[in-house]
Amino acid sequence: MSRSASPPDADELDAETVVALVNGSHDLAAAGRMDEAVRDLRRAVPAARRLFDRDPVRYRSVLVVALRNLEGRLAASGRADETVPLLKEIVAATTGYRDEELANGTRDSLHGHRIGALTRLARRLRAAGDLDGAIAAATSARDESPEPADPPAPDDAGKAEPLVACELLLGQLLEEAGRVDESIRVGESAVAHARLLADTVQLGDAALDLGLRLLVQDRLDDAAGRLRQAVEVYRDHADDPGRPDARANLAVAANRLGVALSMLERDGEAVPYFEEAVRQHRRRDPADPEVRDELAGSLRDLAVCLIQVDRDAEAVAALAESADLYRPPARDGSAFHRRRLTEVLNRLWRGLAILDREEESASVRAEWSALAEVSPSP
């Protein structure tokens with residue numbers, strides 16, 4: 001039975017009952033009774049506000065925890081759009097500490113709640129289209145996150161993780177706002193801080209994020225350096241079951257490093273990275289449409305690079321496989337896949353002709369012509 005069967009009016013709830021409702025909401029949520037959990041928390045929060053107004057020193061933590069739980073339960077039940085006011089209230093409730101609270105450690109104990117609320121607020125505002133508000137919240141989260149010493153003390157390395165997460169988010173938001181130079185500076189800071197972590201996966205994330213941004217800006221040498229750094233990190237974790245994204249990120253980083261090197265006319269260096277991207281995509285779930293598309297794209301990129309180093313037979317094999325992956329969704333009506341298939345077939349028929357496989361070349365050219373809506377005649 002839900003613990004909400006006690007007092008009927010939130011204004012009558014005492015601190016003990018508020019805490020019991022918050023604790024009980026965990027059990028309800030774990031049992032799949034999310035609506036009941038939200039109902040109990042909606043009763044607890046007004047009472048927690050009343051207690052906080054009466055005695056901030058004693059009840060600030062009660063209010064923040066009650067708000068955090070309600071916000072989390074709403075988000076988990078698909079009502080994230082209702083959480084922005086709660087997140088703003090958490091942010092407001094974690095300022096204006098009294099001297100006694102500073103002395104007894106209340107501010108320190110709630111600091112993680114504050115940084116988490118600012119970060120989630122930034123994401124929710126971004127989803128709602130308020131990019132300026134999102135940047136302001138993410139900036140506050142970044143600025144208020146503890147910064148470890150360099151080199152870090154034994155207890156300092158853990159401080160880098162939330163700081164890097166805030167910087168990654170802020171860099172992405174600044175890029176979306178067109179503030180590219182600022183986003184790159186934030187990205188460089190994220191890489192520097194991530195170096196202090198004992199667990200280097202976050203360094204891979206920071207290096208990949210920055211490398212992709214530099215690549216878009218045609219800062220190819222800088223991009224190649226960061227992308228190579230990401231590849232090296234992700235290689236160490238590609239088989240780690242606790243890091244399910246490492247293999248996918250390794251494939252992306254290797255592919256984009258290949259692109260950067262190819263654009264620098266270093267195709268011989270680029271080929272092994274494209275091959276690595278293909279290998280890593282093959283190790284992922286082949287039934288996943290996103291994996292299929294990424295494998296097809298990496299095969300196409302590999303083929304283009306192989307042509308540049310006169311490995312035409314291997315290029316044709318990669319193009320043929322890429323075409324096989326693009327055909328089913330293209331035939332199902334996907335305009336994106338139709339465009340990609342058209343591009344791949346155009347390269348494939350020309351490659352087959354170079355290899356004097358004229359009959360196959362003619363067949364592929366006819367398929368390409370039908371897709372491209374041009375005459376198949378020479």
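At what angle do helix H16 and helix H17 pack, and how far apart are their axes?

A: Happy to. This is a predicted model, in which local features need pLDDT of at least 70 and side-chain atom pairs count only at pLDDT 80 or more, while totals for chains, interfaces and linings use all residues. Residues are numbered from 1 along each chain as its sequence is written, and side-chain values use heavy atoms, with hydrogens and water left out.

Helix H16 covers residues 335-354 and helix H17 residues 358-372; they pack at about 155°, with axes 8 Å apart. Helices here are DSSP runs (H or I, at least four residues), numbered from the N terminus. Axes are lines fitted to C-alpha atoms over the stretch in contact, and angles run from 0 to 180 degrees between N-to-C directions. H16 and H17 are therefore roughly antiparallel, a label for angles over 145 degrees. The crossing of H16 past H17 is left-handed, meaning that the near helix is turned anticlockwise from the far one by less than a right angle.

On the H16 side, the residues in contact (heavy atoms within 4.5 Å) include Arg338, Leu341, Leu345, Leu348 and Trp349. Their partners in H17 include Glu358, Val364, Glu367, Trp368 and Leu371. By class, the residues of this contact divide into eleven nonpolar, three polar and five charged. Here Ala, Val, Leu, Ile, Met, Phe, Trp, Tyr, Cys and Pro count as nonpolar, Asp, Glu, Lys and Arg as charged, and the others, Gly among them, as polar.

Leu341, Leu345 and Leu348 are among the residues with the most contacts inside the largest nonpolar core, which has 62 residues. Such a core is a set of buried Ala, Val, Leu, Ile, Met, Phe, Trp, Tyr and Cys residues joined through side-chain atoms within 4.5 Å, where buried means under 20% relative accessible area (1.4 Å probe, protein chains only).

Finally, the link between the two helices. Asp356 is found in the loop between H16 and H17, and its phi is near 60°, a positive value in a residue other than glycine. Most residues other than glycine have a negative phi. With a relative accessible area of 61%, Asp356 is exposed, the cut-off being over 50%.

Conventions: Angles under 35 degrees count as roughly parallel, over 145 as roughly antiparallel, 65 to 115 as roughly perpendicular and the rest as oblique.
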